Amino acid sequence: MSTGAAETDTQAENVAAAANITPSSMQNTLKEKLQAEYTSIEDLSGGCGQAFNAIIVSSQFEKKNTLARHRLVNSALKAEIAAIHAWTPKCFTPDEWQRKQSEAGA
């Protein structure tokens with residue numbers, strides 16, 4: 001029985017290519033569905049679209065723990081995540097992101 005998710009790397013590559021999954025397309029989806037104020041998505045797979053790191057800043061993460069934040073993101077990107085091999089989101093509220101940026105600049 002198929003779950004809809006790719007079962008092999010080759011299947012995932014084919015699905016990702018057919019679906020045209022790119023950092024830009026995922027950013028657009030996150031901005032639309034989560035009203036993300038800032039997104040940064042990096043393709044770690046050398047351009048084949050199979051492994052991504054993401055930073056997502058949204059006020060929808062307020063008063064949610066890490067697991068709840070990841071569930072929100074995974075729900076918004078359900079089709080995309082099913083087609084890729086690796087997905088690592090880092091989710092911040094606007095206040096958390098501002099503090100992190102201030103600390104990095106200090």
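P94 lies in helix α5 (residues 94–105). Helices (H or I, at least four residues) and strands (E, at least two) are DSSP runs, numbered from the N terminus. The model is predicted, so local features need pLDDT of at least 70 and side-chain atom pairs count only at pLDDT 80 or more, whereas totals for chains, interfaces and linings use all residues. Residues are numbered from 1 along each chain as its sequence is written, and side-chain values use heavy atoms, with hydrogens and water left out.

Not counting residues up to four places away in sequence, P94 touches E37, V57, S58, S59 and E62; contact means heavy atoms within 4.5 Å. The C-alpha atoms of P94 and E62 are separated by 8.7 Å, although these residues are 32 apart along the chain.

An open sheet of 3 strands, with mixed pairing, has the order β1-β2-β3. Two strands pair if DSSP finds at least two bridges between them. The edge strands, β1 and β3, each pair on one side only. β1 and β2 run antiparallel and are joined by 6 bridges; in β2, V57 is the bridge partner of Y38.

Two helices pack on this sheet, as the table shows. Axes are lines fitted to C-alpha atoms, for helices over the stretch in contact, and angles run from 0 to 180 degrees between N-to-C directions.

| Helix | Strands touched | Angle with direction of β3 |
|---|---|---|
| α3 | β2 and β3 | about 125 degrees |
| α5 | β1, β2 and β3 | about 95 degrees |

Helix α2 (residues 23–34) has the buried residues M26, Q27, T29, L30 and L34, where buried means under 20% relative accessible area (1.4 Å probe, protein chains only). Seen down the axis of α2, these residues fall within an arc of 160 degrees, so they line one face of the helix; the arc is that of the directions from the helix axis to the C-beta atoms.

Definitions and conventions: Buried < 20%, exposed > 50% of the residue type's maximum accessible area, 1.4 Å probe, protein only.
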